[in-house]
Amino acid sequence: MDEQYDIIVLGTGLTECVLSGLLSVEGKKVLHMDRNDYYGGESASLNLTQLYRKFRSGATASSELGKDRDYNIDLIPKFMMANGELVRILTHTDVTRYLEFKQISGSFVYREGKISKVPASEMEAVRSPLMGLFEKRRAKKFFEYMQNWVADDPSTHQGLDLEKIPMSAVYEKFGLEPGTQDFIGHAMALYLDDSYERIILYITSVARYGKSPYIYPLYGLGELPQGFARLSAIYGGTYMLDKPVDEIVYDADGKVCGVRSGDEVAKTKQVIGDPSYFSSKIRKVGKVVRAICILKHPIPNTDDVDSIQLVIPQNQVNRKHDIYIASVSSSHNVCAKDYFLAIVSTIVETDNPEAEIKPGLDLLGPCVEKFISVTDLEEPIEDGSKDQVFISRSYDATSHFGTVCEDVKSIYRRVTGQELTLKQRTRQDEEQKEMAE
Amino acid sequence: MSNNSRQGTAESPARAGGESNNVPSQNNNLKPVQVKLVLLGEAAVGKSSLVLRFVNNEFQENKEPTIGAAFLTQKCRLEDKVIKFEIWDTAGQERFHSLAPMYYRNAQAAVVVYDVTKSASLDKAKSWVKELQRQANPNIVIALAGNKIDLVQPTEEGEEESAESGRQVPTDEAKAYAMEAGLLFFETSAKKGDGVRDVFTEIAKKIPLELMMSPRPRQIVNGGPSPLPGLPRANGQNPGQNSGCSC
């Protein structure tokens, strides 16, 4: 490894692997290291042995759970929006060719003690038990409006400038009740500031495949960093797992110039890495509590489907942050046959994080196994312009990859001085290309 | 080369089919069955060279370590079936023991390569076979290929002795191991082409028929009426694949 590189990347989490892939494709000489002997860092999917090593100090899993190799358990629960930015990055880089995706079967919301499907089209709004008869009509109009809204076409705007007015004004125009606004904001916008773009993203993602706006890679989310790492390697990136990182080396001006592992120093002009490699350059901005649960049944009251997202809006349980439940199963090749995985997560607000996710855990029914962790959310103190060290943010509690993609783009901009531009390949382009060959 | 080299594909009917080398795929009424084949083995044993010989029938002296090939495809025609190999190269990730598990997911075949002039490379090959048997699809067809036999073959009169002395892995020893571990066994020369086609033809013959009957999961993404549109598995349109060709 005693060579000169353009960029050394530390940690093989998704953010780092996407950047490593993009930069290698552009011809940068990349060295990518990870202290772990597996890919993915915090965004890995682990088998039982690795999971028990991490949470149970190496105790062995019950043989009842089945084969080790059947398990790919995500550490961070997130789904991909079918129409989202990560999908665009995947198609732009052609990493889709290494992966297989499956749809998440349902999106649910917890309201007034009951679990209901989140309606995401005017058809579903009409059937939804979440609203009364007249409210359904209003909601139907609202969904039609959002689905047909086109930024460049004022005729679709009905006199509302979504860029300028808050969503509350839009709800008001359609006369939506507070309860309806609530599930739209929390279960569809999935954000505190329920901006119209997020609602449109949700609705257009649902429109893509039906059922839910989410897709998920077979064998777990850990496949994503591996796919981008392969892209990077194909374009010349060098990979070293199980490689301790002992020192980040700086020159006299305080700019980074190398990374030391044991006696070896790899020279570089820039370093990208996750917060765990830079304890003195990061600050804590919060905590997330997550409970990884292994179940022998689908989550009750969700139509017995193989995978769901369930949101418990904060005001339903007197909190400031929503609680998310993400569930996948053996049909996603992440656990043994007849088992289900569910991860309950939220932002920590009190000194007793475990109690905070109890409303979520209570909805799961009996768990075969439960691994609870509280993780710090960290972010870099500086933007890297001075020392050329670019640190990613921790994976937050949001339920999809929107914020991860924002971080990727932000670091890309700071590292290269340019915006990341993605080619949106359409189906038609693909077909024409195939015809031409 | 013609435009099909852009995709890294080339027609190459296997010998077993008894067909000429120039039959275009369009004339064929058997639908090709896609088979993912992964290459494994120590760095510099000739993994990429074997594939280049098989796919493009060429050899590059002093080939640089692998860069730029996502995977190459090559059809192999048998009497009763046509197999389209999707051949995955390690992209150098094996060099520092950093090959991702994703690499051998759903692989139906593997070629584990060693260098007949380096006994340590056979040990490494054995550890890859173990890893495959532990992690990969239980029905995977594995072939062991001892490459670089051109280095131990007499090239001219009088060189026989010195050449044979360069061999560190006796054929019998590797063959016995392959038998014991249930692997197909070949000795090959990517440089001269000896035995290369046989590796792929014999694998094609041995791929279990039931695997071919049931499409792989990625081809039947369930949960919707159609496979996920917009997330197509592109048919080999990867800029990186170009470097697999000499053109």
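**A walk through chains A and B**

In chain A, Ala291(A) stands opposite Ile372(A) in β18(A). This is a predicted model, in which local features need pLDDT of at least 70, side-chain atom pairs count only at pLDDT 80 or more, and totals for chains, interfaces and linings use all residues. Residues are numbered from 1 along each chain as its sequence is written, while chains are lettered from A and ligands numbered from 1 in the order in which they are written.

Start with the strands around that pair. β14(A) and β18(A) run antiparallel and are joined over twelve bridges. Two strands count as paired if DSSP finds at least two bridges between them. Helices (H or I, at least four residues) and strands (E, at least two) are DSSP runs, numbered from the N terminus. In general, strands of a sheet pair through backbone hydrogen bonds, either parallel or antiparallel.

β14(A) and β18(A) belong to an open sheet of seven strands, with the order β8-β7-β15-β16-β17-β14-β18 and mixed pairing. Its edge strands are β8 (114-117) and β18 (369-380) of chain A, each pairing on one side only. On average, neighbouring strands of this sheet are turned by 20° against each other, direction ignored. Helix α7 (residues 178-188) of chain A lies across β7 (106-111) and β15 (308-312) of chain A, at about 130° to β7(A). Such axes are lines fitted to C-alpha atoms, for helices over the stretch in contact, and angles run from 0 to 180 degrees between N-to-C directions. Contact means that the C-beta atoms of two residues, placed from the backbone, lie within 7 Å.

Now step back to the whole of chain A. It holds 13 helices and 19 strands. The C-alpha trace of chain A spans about 70 × 55 × 50 Å along its principal axes. A compact globule of 437 residues would have a radius of gyration near 22 Å, and chain A agrees, with 22 Å. That radius is taken over C-alpha atoms, and the globule rule is 2.2 Å times the number of residues to the power 0.38. Of contacts in chain A between residues at least 6 apart in sequence, 71% join residues at least 24 apart.

Chain A is divided into domain 1 (4-46 + 222-283 + 379-416), domain 2 (58-85 + 284-377) and domain 3 (106-209). These bounds come from an automatic or database domain assignment. The C-alpha centres of domain 1 and domain 2 of chain A lie 27 Å apart. Their contact takes 17 residues from domain 1 of chain A and 23 residues from domain 2 of chain A. On the domain 1 side, β3 (45-46) and α12 (402-416) of chain A are the elements that give two or more residues.

Two hairpins follow one another in chain A. Strand β11 (residues 247-250) and strand β12 (residues 256-261) of chain A pair antiparallel over four bridges. Here Val249(A) stands opposite Gly258(A). Five residues lie between these strands, and Gly254(A) takes a positive phi near 85°. β12(A) also pairs antiparallel with strand β13 (residues 264-273) of chain A, over four bridges. Ser261(A) has Glu264(A) as its bridge partner in β13(A). Two residues separate β12(A) and β13(A), and Gly262(A) in the turn has a positive phi of about 60°.

Chain B has an open sheet of six strands in the order β2-β3-β1-β4-β5-β6, with mixed pairing. The edge strands are β2 (71-77) and β6 (184-187) of chain B. Strand β1 (residues 33-41) and strand β4 (residues 109-115) of chain B run parallel, joined by five bridges. Gly41(B) stands opposite Val113(B) in β4(B). Helix α2 (residues 119-135) of chain B packs on the sheet, touching β1, β4 and β5 of chain B, and its direction makes about 165° with that of β4(B).

Finally, the core. In soluble globular proteins, nonpolar side chains tend to be buried together. A nonpolar core is a set of buried Ala, Val, Leu, Ile, Met, Phe, Trp, Tyr and Cys residues joined through C-beta atoms within 7 Å. A residue is buried if 20 or more other C-beta atoms lie within 10 Å of its own, exposed if 12 or fewer, and partly exposed in between, with C-beta atoms placed from the backbone. The largest nonpolar core has 181 residues, and those touching the most other members are Ile8(A), Ala342(A), Leu37(B), Ala110(B), Val111(B) and Val112(B). Strand β14 (residues 282-295) of chain A gives the most to this core, with eight residues.
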